[in-house]
Amino acid sequence: MFDVIIAGCGPTGAMLAAELRLHDVRVLVLEKETEPKSFVRIVGLHVRSLELMAMRGLLERLLPHGRRRPAGGFFAAIAKPAPKDLDSAYAYLLGIPQPVVERLLEEHAVELGAQVRRGRAVTGLEQDDEGVTVELADGERLRARYLVGCDGGRSTVRKLLGVGFPGEPSRKETLMGEMEAAAPQEEIAAKVAELREIQPFWLRPFGGGVYSVVVPAAGVGDRAQPPTLEDFRQQLRAVAGTDFGVHSPRWLSRFGDATRLAERYRVGRVLLAGDAAHIHPPIGGQGLNLGVQDAFNLGWKLAAQIRGWAPDTLLDTYQAERRPVAEDVLDNTRAQAELMSAEPGAQAVRRLLTELMDFDEVNRHLIEKITAIGVRYDFGEGPDLLGRRLRDIDVKQGHLYGLLHRGRGLLLDRTGRLTAGAWSDRVDHLADPTAALDVPCVLLRPDGHVVWIGDDQQDLDTHLARWFGGCRAHSHRHHWPSHPEELDRQLLPQPDVSRG
């Protein structure tokens, strides 16, 4: 029997599998497609996702395959520069082919020991007090202690669970693709600037004559059929008076503005993550990032449940923390969609917001929202840092995120007087009076969020128990260092190549 079966090997499923394997959880990933995606679709990894990759030592694998661009101009495609001094060492967008992200995350999970089986579609499930029985399309039945549906917006797992998926159906269709254009780049840029009030509409250069093309799909073809290059040419001529000589498409797609959120993220031993739990228009490029961040939140908690040390309510915090984040993303995409309407009222609001974004505080707030570095979980009363992620600060080993590669908690202690004590098999301790903190000590979860700030050992022990369980944990096959000196010897510093 497996500990966890994951349905779906997209970015969310692969990230979750890797996070579980950091804690010796036996993981099987079932992917209904027989081969990875072949089309080259460029996606953007936002600041928070880049931070998560750095925390696991993955960012240096991704960087050679992507192109950095400033972290600005995301909100409703309003062209404003990135705010100055964003609170991150990774304050940029990484444009990267989606198949590359999926391949590298899957390779990472497999290297850690996850099993991936392709061409295996989940068609049924039954759960009891001990686990979940999963039935596949060929009749095979598999058993696991937990099942996680990472199988997309049309999630079979969610439907089998009977979890409601309320929201708004698609009302407006848009064509999106990547293709080459024969027209000069200056001519294309001038026409796009001239028609900037027509939304959604853009041609954004990737280099080498290749463009990301987005154009309204009003009246184009059958929604059930994939769009053609001629559909794009037709719509470009209707909107811009020219098709810019587009040719040689890399991929073509059609998307609607459906916006839905699962009523529950967990039913017993079955959980949902990524698009299986929420869908929204791809405005602001948040979808893939939101799913990967779901996986990062869930992985260590589900592992703790399986390893036997999770506090009683730990797994419940997955829905409590991540569902409000998804609600906020759905709301901001709804707002952006309205701002991209061609209606006079919407355009008037868009012009007003464009003016307001000249104020740094407004621009910064919106960028922090889109890039998810503004997320703050509710951990009770305390300083503003409580519940937020900690940036990749300098420590004596190099950088903070280099200490988080193995998915454990971390006590960062500037006083040198505290200890992780009985939790040292789950929480590393670094005594570093030089750490770039303006508080005495912080306790970090494996996802980098601050769950405690202070300098009192008794208060620390209370919070260690709240997040990392009782003092006695089940034995682990790995030997983890429990003393700062041993930690110094074993942890590798975060490479500078990924920062800035």
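Four bridges join strand E8 to strand E9, and the two run antiparallel. Strands pair if DSSP finds at least two bridges between them. Helices (H or I, at least four residues) and strands (E, at least two) are DSSP runs, numbered from the N terminus. This is a predicted model: local features need pLDDT of at least 70, side-chain atom pairs count only at pLDDT 80 or more, and totals for chains, interfaces and linings use all residues. Residues are numbered from 1 along each chain as its sequence is written, and side-chain values use heavy atoms, with hydrogens and water left out.

- Thr133 stands opposite Arg143 in E9.
- E8 and E9 form a hairpin with four residues between them. Gly139 in that turn has a positive phi of about 95°.
- On the E7 side, E8 pairs with strand E7 (residues 122-127) in the antiparallel sense over five bridges.
- Val122 stands opposite Leu136 in E8.
- A hairpin of four residues joins E7 to E8.
- Strand E8 (residues 132-136) is mostly covered, with four of its five residues buried. Buried means under 20% relative accessible area, exposed over 50%, and partly exposed in between (1.4 Å probe, protein chains only).
- Strands of a sheet pair through backbone hydrogen bonds, either parallel or antiparallel.

**A four-stranded sheet**

- Four strands form an open sheet in the order E22-E21-E23-E24, with mixed pairing.
- Strand E22 (427-431) and strand E24 (450-453) stand at the edges. Each has a single partner strand, so one side of each is left without a neighbour in the sheet.
- Neighbouring strands of this sheet are turned by 15° against each other on average, direction ignored. Axes here are lines fitted to C-alpha atoms, for helices over the stretch in contact, and angles run from 0 to 180 degrees between N-to-C directions.
- Strand E21 (residues 409-413) pairs with strand E23 (residues 441-444) in the antiparallel sense, over four bridges.
- Leu412 has Val442 in E23 as its bridge partner.

**Helix H1**

- Eleven of the eleven residues of helix H1 (residues 11-21) are buried, so the helix is largely enclosed by the rest of the structure.
- Among the buried residues of H1 are Pro11, Met15, Glu19 and Arg21.
- The cover over the buried residues of H1 includes strand E1 (2-7), strand E2 (27-31) and strand E9 (141-149). It also includes helix H2 (47-55), helix H4 (98-111) and helix H8 (287-307).

**Salt bridges**

- The structure holds 35 salt bridges. A salt bridge is a side-chain nitrogen of Lys or Arg within 4 Å of a carboxyl oxygen of Asp or Glu.
- Glu51 forms a salt bridge with Arg389, with the closest N and O atoms 2.9 Å apart. Glu51 lies in helix H2 and Arg389 in the loop between helix H11 (360-371) and strand E19 (394-395), so the pair ties together parts that are 338 residues apart in sequence.
- Glu51 and Arg389 are both buried.
- Glu107 forms a salt bridge with Arg103, with the closest N and O atoms 3.3 Å apart. Both residues lie in helix H4, four residues apart, about one turn of the helix.
- Glu107 counts as partly exposed at 34% relative accessibility, and Arg103 counts as partly exposed at 38%.
- Arg120 forms a salt bridge with Asp138, with the closest N and O atoms 3.3 Å apart. Arg120 lies in the loop between strand E6 (115-118) and E7, and Asp138 in the loop between E8 and E9, so the pair ties together parts that are 18 residues apart in sequence.
- Arg120 counts as buried at 18% relative accessibility, whereas Asp138 counts as exposed at 54%.
- Salt bridges that share partners join Arg48, Glu51, Asp87, Arg389 and Arg391 into one network.

**The chain as a whole**

- The protein chain has 13 helices and 24 strands.
- Its radius of gyration is 23 Å, close to the 23 Å that the globule rule gives for 500 residues, so the chain is as compact as a globular protein of that length. The radius is taken over C-alpha atoms, and the rule is 2.2 Å times the number of residues to the power 0.38.
- The C-alpha atoms fill a box of roughly 70 × 55 × 40 Å, taken along the principal axes.
- Of the 500 residues, 56% count as buried.

Methods:
Contact = heavy atoms within 4.5 Å.
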